[in-house]
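This report describes the fold of two protein chains and the contact between them. Please keep the sequence and the model in view while reading.

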Amino acid sequence: MRKTFVSVVTETFESSQTPVLLLGDIGVFGFRNLKEKFGSRVINMGILEQSMVGIASGLAIKGFIPTIHTIAPFMVERALEQIKIDFGYQKLAGNFVSVGASFDYAALGCTHHCPADVALISSIPSSQIYLPGSQEEFERQYRENWNNGRLNYFRLSEDTHKFILDNFDSGVTLLKSGTMGTILVAGPLLENVMQAVSNLDISVIYMNEISDRAIKELRKISFNQKIVVVEPYYSGTITNLIIENCSLGPSQIFNLGVPREFLENYGTTAEHLRHIGLDPESLKLRIEKIVND
Amino acid sequence: MLGDVNAQDQEIAIKEIAKKVVLAAHLGEEGHIPSALSILDILYSIYFSNEINLQDRDDFILSKGHASLGYYAVLSAKGVIGTEWEESFGKYESDFGGHPHRLKVPQTLASTGSLGHGLPIGTGIAYAKKILDIEGDTFVLVGDGELNEGTSWESSLFAIHHNLNRLKLIVDLNKSGDRAINLSGMSEKLAGLGWNVFTVDGHDVEQMREVLEDRTSSKPTAIIANTIKGYRIKEMENNPAWHHTKIDALQTKAFLAELS
């Protein structure tokens, strides 16, 4: 996704005078050509995340559309108040593009994990969150939304799914119909879920945004059986969104996401997913148990 | 023009503004009066300067937003806002709260309140103007205690590195932060980072204007304004008990008399 990020941002620079890119001392090599061409609108800010957001806000006040990029915890957790006040409260537009997701930097340990990002950003009124599960989805989401006048958060992940979802621009879509219940899965975990339920008579709804248009889609959904929410960030993050917007009937919601604990092992993303039961095999067992109980 | 008034008339004008601060705080039962009085002369120096143009060219951010009483009083004296703020300050439906809101108060670029936000935002504005090749200074007024915030120093590094020579940081050095962290040597600290530093009497309008209006600096400018918190009301001067204290009718009457 990071290569796609370079190409789609470059595209916006080629077509408009308003984008500025602020890098938290990452992605600098990837954006070297953009820097060479657009000079002062591509800024390596160094390692000062809070001021990076504030300075971006000042640029937005003067009419630029800033895109801010660094590793998820350093952006979302360290500079949360700046994102909330300098963009949310000021009602300024900006694009926050993080890398690392929940534990893409697994080998580096907990300081680089960020399973809380979606919950934290969604606490800022009017924010729009994008959870692309593939390069194509991110490309489309960024191209469509980078200048939508909102506080946008794009959660880039090393983990992706392999599904090409055409004509899908609402943030929520039904991928599989079944009779035993419904899985609502967010972002890259679609891959593991589809493997897990290939032989199950269960519906799968895919969600890659927490946005106005995604909420509009959620409002059309009626559940009357068990709902299993599979999220690549803290478990239960979008439960309220479902309760508030979907027609639930006698349904019961089960959350399968990242548990609220420090995952203090190192290793790889796949190992962490296996440890917390979000790999295909574990998901299959957990989902079967839920729908059969 | 108020910008041309002599020192005596100027003092009378500033005292009239101070009276509005006292009155609005009393009516609103709210406000950081000493912080507002600390910066009145600074604001007056900027808003009533004939060389500073906040309507079309220059920008100002009150980073220490809790001094909003002083800000509204000066905006009102200048005619940027009316007098409605005096009776509505801090009230539920008022546009004029304990910290200014950029979408409610004209000419206000940033909604401030939480400290340490104004300088990064002002730095971004100065950078934007620089790369757009737009003329104009960006003034950011911070409190001394506010300089405890790391963003002050982060932004300084950025401003110096990018040589934002039209950025003017004004430090309201009323020493109220010293009870936590002593900030003596501020001039050396800022100069060490690369700011072009001036130290002035923050209650001397002419002295401040000399540096505020200067546009020749090749580096970002820091103006350390030595001030007295609660200036012009003896009971409040340098008295931390008054930091965020309501004033009753009797006190209001006495303070107004002192300012007359």
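Does A:Ser126 count as buried or exposed? With 11 C-beta neighbours inside 10 Å, A:Ser126 counts as exposed, because the cut-off for an exposed residue is 12 or fewer such neighbours. The model is a predicted one.

## Residues with a positive phi

Most residues other than glycine have a negative phi. A:Ser126 is not a glycine, yet its phi is positive, at about 75 degrees. This serine lies in the loop of chain A between helix H6 (117–122) and strand S5 (128–130).

B:Lys175, a residue other than glycine, has a positive phi near 65 degrees. B:Lys175 is placed in the loop between strand S3 (167–173) and helix H7 (186–193) of chain B. With 17 other C-beta atoms within 10 Å, B:Lys175 is partly exposed.

## Chain A as a whole

The secondary structure of chain A consists of twelve helices and twelve strands. The radius of gyration of chain A is 19 Å, close to the 19 Å given by the globule rule for 293 residues, so chain A is as compact as a globular protein of that length. Along the principal axes, the C-alpha atoms of chain A fill a box of roughly 60 × 40 × 30 Å.

Of the 293 residues of chain A, 49% count as buried. Among the contacts in chain A with a separation of 6 or more, 72% are made by residues 24 or more positions apart.

## A buried strand in chain A

How many of the six residues of strand S4 (residues 94–99) of chain A are buried? Six of the six are buried, so S4(A) is largely enclosed by the rest of the structure. Both faces of S4(A) are covered. On one side lie A:Gly94, A:Phe96 and A:Ser98, and on the other lie A:Asn95, A:Val97 and A:Val99, all of them buried.

Strands of a sheet pair through backbone hydrogen bonds, either parallel or antiparallel. S4(A) runs parallel to strand S3 (residues 65–71) of chain A, and five bridges join the two. Within this pairing, A:Phe96 in S4(A) is the bridge partner of A:Ile68. S4(A) also pairs with strand S6 (residues 151–155) of chain A, in the parallel sense and over five bridges. Here the bridge partner of A:Gly94 is A:Leu151 in S6(A).

## A five-stranded sheet in chain A

Chain A contains an open sheet of five strands in the order S7-S9-S8-S11-S12, with mixed pairing. Strand S7 (172–176) and strand S12 (253–258) of chain A stand at the edges, each with a single partner strand, so one side of each has no neighbour in the sheet. On average, and with direction ignored, neighbouring strands of this sheet are turned by 25 degrees against each other. Inside the sheet, strand S8 (residues 182–186) and strand S9 (residues 203–207) of chain A pair in the parallel sense over five bridges. A:Val185 stands opposite A:Tyr206 in S9(A).

A:Lys176 lies in strand S7 of chain A. This lysine is partly exposed, with 17 other C-beta atoms within 10 Å. Residues up to four places away in sequence aside, A:Lys176 touches A:Ser203 and A:Val204. From C-alpha to C-alpha, A:Lys176 and A:Gly39 are 47 Å apart in space, and they are 137 residues apart in sequence.

## A helix pair in chain B

Two packed helices are described by the angle between their axes and the distance between the axes. In chain B, the axes of helix H1 (residues 7–28) and helix H9 (residues 249–258) come within 9 Å and cross at roughly 175 degrees. H1(B) and H9(B) are therefore roughly antiparallel to each other, because angles over 145 degrees count as such. H1(B) contributes B:Lys19, B:Val22, B:Leu23 and B:His26 to the contact, while H9(B) contributes B:Thr252, B:Phe255 and B:Leu256. By class, the contact of H1(B) with H9(B) has four nonpolar, two polar and one charged residues.

## The contact between the chains

Chain A gives 21 residues to the contact and chain B gives 23 residues. On the side of chain A that touches chain B, helix H3 (49–61) and helix H5 (80–89) of chain A each supply at least two residues. Which element supplies the largest share of that side of chain A? The largest share, nine residues, comes from H3(A). By class, the side of chain A that touches chain B has nine nonpolar, seven polar and five charged residues.

Conventions:
Residues numbered from 1 in each chain as written. Chains lettered and ligands numbered in written order. Predicted model: local features only at pLDDT ≥ 70, side-chain atom pairs only at ≥ 80, totals over all residues. Contact = placed C-beta atoms within 7 Å. Helix = DSSP H or I, 4+ residues; strand = E, 2+ residues; numbered from the N terminus. Nonpolar A, V, L, I, M, F, W, Y, C, P; charged D, E, K, R; others polar. Rg over C-alpha atoms; globule rule 2.2 N^0.38 Å. Buried ≥ 20, exposed ≤ 12 C-beta atoms within 10 Å, placed from the backbone. Pairing = 2+ DSSP bridges. Axes fitted to C-alpha atoms, helices over the stretch in contact; angles between N-to-C directions. Parallel < 35°, antiparallel > 145°, perpendicular 65-115°, else oblique.
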